[in-house]
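Visitor: I should like to learn how to read a protein model. Would you guide me through one?

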Amino acid sequence: GKKAMEMSDYETAYSYFDNGISFLRKKHWQQNYTLSVELFSLAAKCALTNGDHTSLKLLITEVLAKVHIFEDKLDVLYLEVCLVASSRLSESIEK
């Protein structure tokens, strides 16, 4: 996934991160916290870049609900601000 991102292939990268998320066990936030934060955050970044706002909202919601260290939330909070800004920009252009 990271290599695909380095090559600006965000669709492929998203599919790798999404597959990684699907392989996580039920209690992954407790058992593999760091890996979970990384997979969800990188998948969210790819979703934003791909314009997949539905997946982005789901990933943001999951991270903000499960992450307990503020620094781990920063990347996702930034992506949420970008999502809101792009939505408002789209609304402004349509008017």
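Guide: The following conversation takes up confidence, helices, aromatic rings and single residues in turn. Please note at the outset that this is a predicted model.

Visitor: What is the average pLDDT of the protein chain, and in which helix is confidence lowest?

Guide: As a general principle, where pLDDT is low, the predicted coordinates should not be read in detail. Here the protein chain averages a pLDDT of 92, and 92% of the residues score at least 70. Confidence is lowest in helix α6 (residues 70-94), with a mean of 83, and highest in helix α2 (residues 10-22), at 97.

Visitor: Let us then turn to α2. How many residues does α2 have, and how far does it reach from its first C-alpha to its last?

Guide: The general idea is to set the span of a helix beside the span expected from its number of residues. Helix α2 has 13 residues and reaches 18 Å, close to the 18 Å expected at 1.5 Å a residue.

Visitor: Which residues of α2 are buried, and where do they fall when seen down the axis?

Guide: A residue counts as buried under 20% relative accessible area and as exposed over 50%. In α2, Ala 13, Tyr 14, Phe 17, Gly 20 and Ile 21 are buried. Seen down the axis of α2, these buried residues fall within an arc of 125 degrees, so they line one face of the helix. Glu 11 and Ser 22, on the other side of α2, are exposed. Among the elements that cover the buried residues of α2 are α1 (2-6), α4 and α5 (53-66).

Visitor: How far apart are the end C-alpha atoms of α5, and which of its residues are buried?

Guide: The end C-alpha atoms of α5 are 20 Å apart, which agrees with the 20 Å that its 14 residues should span at 1.5 Å a residue. The residues Ser 55, Leu 56, Leu 59, Ile 60 and Val 63 are buried in α5. They cover an arc of only 130 degrees around the axis, which puts them on the same side of α5. On the other side of α5, the exposed residues are Thr 54, Leu 58, Thr 61 and Ala 65.

Visitor: How many aromatic pairs does a search of the whole structure find?

Guide: A pair of aromatic rings is described by the distance of the centres and the angle of the planes. A search of the whole structure finds two such pairs. In one of them, the ring centres of Trp 29 and Tyr 33 are 6.3 Å apart and the planes stand at 65 degrees, so this pair is edge-to-face. Trp 29 and Phe 40 form a tilted pair, with 5.1 Å from centre to centre and 45 degrees between the planes. Since Trp 29 lies in helix α3 and Phe 40 in helix α4 (residues 33-50), this pair ties together parts that are 11 residues apart in sequence.

Visitor: Is Trp 29 buried or exposed?

Guide: Trp 29 counts as buried, at 6% relative accessibility. Tyr 33 is buried too, with a relative accessible area of 14%, and Phe 40 is likewise buried.

Visitor: What joins the side chains of His 28 and Ser 36?

Guide: A polar contact of 2.8 Å joins these two side chains. His 28 lies in helix α3 (residues 28-31) and counts as buried at 10% relative accessibility. Leaving aside neighbours within four places in sequence, His 28 is in contact with Tyr 33, Ser 36 and Phe 40.

Visitor: Where does Ser 8 lie?

Guide: Ser 8 lies in the loop between α1 and α2. Although Ser 8 is not a glycine, it has a positive phi of about 65 degrees. Ser 8 is exposed, with a relative accessible area of 52%.

How values were computed. Residues are numbered from 1 along each chain as its sequence is written. This is a predicted model: local features need pLDDT of at least 70, side-chain atom pairs count only at pLDDT 80 or more; totals for chains, interfaces and linings use all residues. Side-chain values use heavy atoms; hydrogens and water are left out. Helices (H or I, at least four residues) and strands (E, at least two) are DSSP runs, numbered from the N terminus. Buried means under 20% relative accessible area, exposed over 50%, partly exposed in between (1.4 Å probe, protein chains only). A polar contact is a pair of N or O atoms within 3.5 Å; within protein, one must be able to donate a hydrogen and the other to accept it, and residues adjacent in sequence count only if both atoms are side-chain atoms. Contact means heavy atoms within 4.5 Å. Rings of Phe, Tyr and Trp (its six-membered ring) pair if their centres lie within 6.5 Å; planes under 30 degrees apart count as stacked, over 60 as edge-to-face and the rest as tilted. pLDDT is the predictor's confidence in each residue, from 0 to 100. The arc is that of the directions from the helix axis to the C-beta atoms.
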